[in-house]
Amino acid sequence: MMINKGDKIPEVKLVKATAEGPQQISSSEYFAGKKVALFSVPGAFTPTCSAKHLPGYVEKAADLKAKGVDEIACTAVNDAFVMGAWNDAAGSEDVTMLADGNGEFAQAVGLTMDGSGFGLGQRGQRFSMIVNDGVVEELNVEAPGDFKVSAAEYMLDQL
């Protein structure tokens with residue numbers, strides 16, 4: 001069942017990619033007491049994700065924070081090493097990478113996709129959400145193949 005506006009983020013383990021290496025963190029701990037602009041991509045280093053999705057949040061980070069966002073986070077069904085390398089290559093310190101290596105977060109929020117046709121296996125869908133103190137305030141799920149409602153510019157209009 002897909003998560004909805006007003007729902008609490010389910011309790012799962014994520015792995016935060018940091019300069020010191022991977023750090024396991026619970027979703028309840030991560031989202032507690034702050035407003036987070038979260039976006040999900042099907043995979044690090046994939047075409048749309050690298051050319052548009054991550055760069056948009058890097059470019060609009062100051063604007064998002066000026067509108068009350070405390071933290072910007074990206075999640076994907078990739079391991080923390082891949083997420084860290086992607087942030088080093090194309091991201092910024094303004095974006096926290098949250099690895100969902102086993103897809104448990106994507107499954108828990110009901111936003112998985114089958115990328116087997118592209119050799120990707122089970123992944124998280126492309127989406128974004130505004131999470132305030134663990135509760136979903138906005139949820140934007142892309143139609144297959146689209147990149148519109150999960151973009152940073154779209155989220156700015158929601159704040």
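**Group meeting: the sheet and its pockets**

Let me begin at strand S5, where both faces are covered: Val95, Met97 and Ala99 on one side and Thr96 and Leu98 on the other are all buried, buried being under 20% relative accessible area, exposed over 50% and partly exposed in between, with a 1.4 Å probe and protein chains only. The model is predicted, with pLDDT of at least 70 required for local features and 80 or more for side-chain atom pairs, while totals for chains, interfaces and linings use all residues. Residues are numbered from 1 along each chain as its sequence is written, and side-chain values use heavy atoms, with hydrogens and water left out. Helices (H or I, at least four residues) and strands (E, at least two) are DSSP runs numbered from the N terminus.

In a regular strand, side chains alternate between the two faces of the sheet. Strand S4 is likewise covered on both faces: Glu71, Ala73 and Thr75 are buried on one side, and Ile72, Cys74 and Ala76 on the other.

I turn now to the sheet as a whole. It is open, has seven strands in the order S2-S1-S5-S4-S3-S8-S9, and shows mixed pairing; two strands pair if DSSP finds at least two bridges between them. S2 and S9 (135–141) stand at the edges with a single partner strand each, so one side of each is left without a neighbour in the sheet. From one strand to the next, the twist averages 25°; axes here are lines fitted to C-alpha atoms, for helices over the stretch in contact, and angles run from 0 to 180 degrees between N-to-C directions.

What is the sense of pairing between S4 and S5? They are parallel, over five bridges, and cysteine 74 has methionine 97 in S5 as its bridge partner. S3 and S4 are also paired in the parallel sense, over five bridges, with alanine 37 partnered by isoleucine 72 in S4. S1 and S5, by contrast, are antiparallel over three bridges, and valine 15 has alanine 99 in S5 as its bridge partner. Antiparallel too are S3 (residues 35–40) and S8 (residues 127–132), joined by six bridges; there, leucine 38 is partnered by methionine 129 in S8.

Two helices pack on this sheet. H2 touches S3, S4 (71–76), S5 and S8, and its direction makes about 160° with that of S3; contact means heavy atoms within 4.5 Å. H4 touches S1, S2, S4 and S5, its direction making about 160° with that of S5.

Finally, the pockets. A pocket is an open set of points on a 1 Å grid over the protein atoms alone, where a 1.4 Å probe fits, with protein on both sides within 12 Å along at least five of seven lines; a cavity is a set from which the probe cannot get out, and lining residues have an atom within 4 Å of a point. The largest pocket holds about 400 Å³ of space. Its lining comprises 17 residues, the closest to the centre being Pro42, Met113, Arg126, Pro144 and Gly145. Which helix gives the most to this lining? Helix H2 (residues 47–59) does, with four residues.

The second largest pocket holds about 320 Å³. It has 19 lining residues, and Ala17, Thr18, Ala19, Asn87 and Asp88 lie nearest its centre. Here H4 gives the most, with seven residues.

Notes: Grid points are joined across faces, edges and corners, and a volume is the space filled by probe spheres set on the points.
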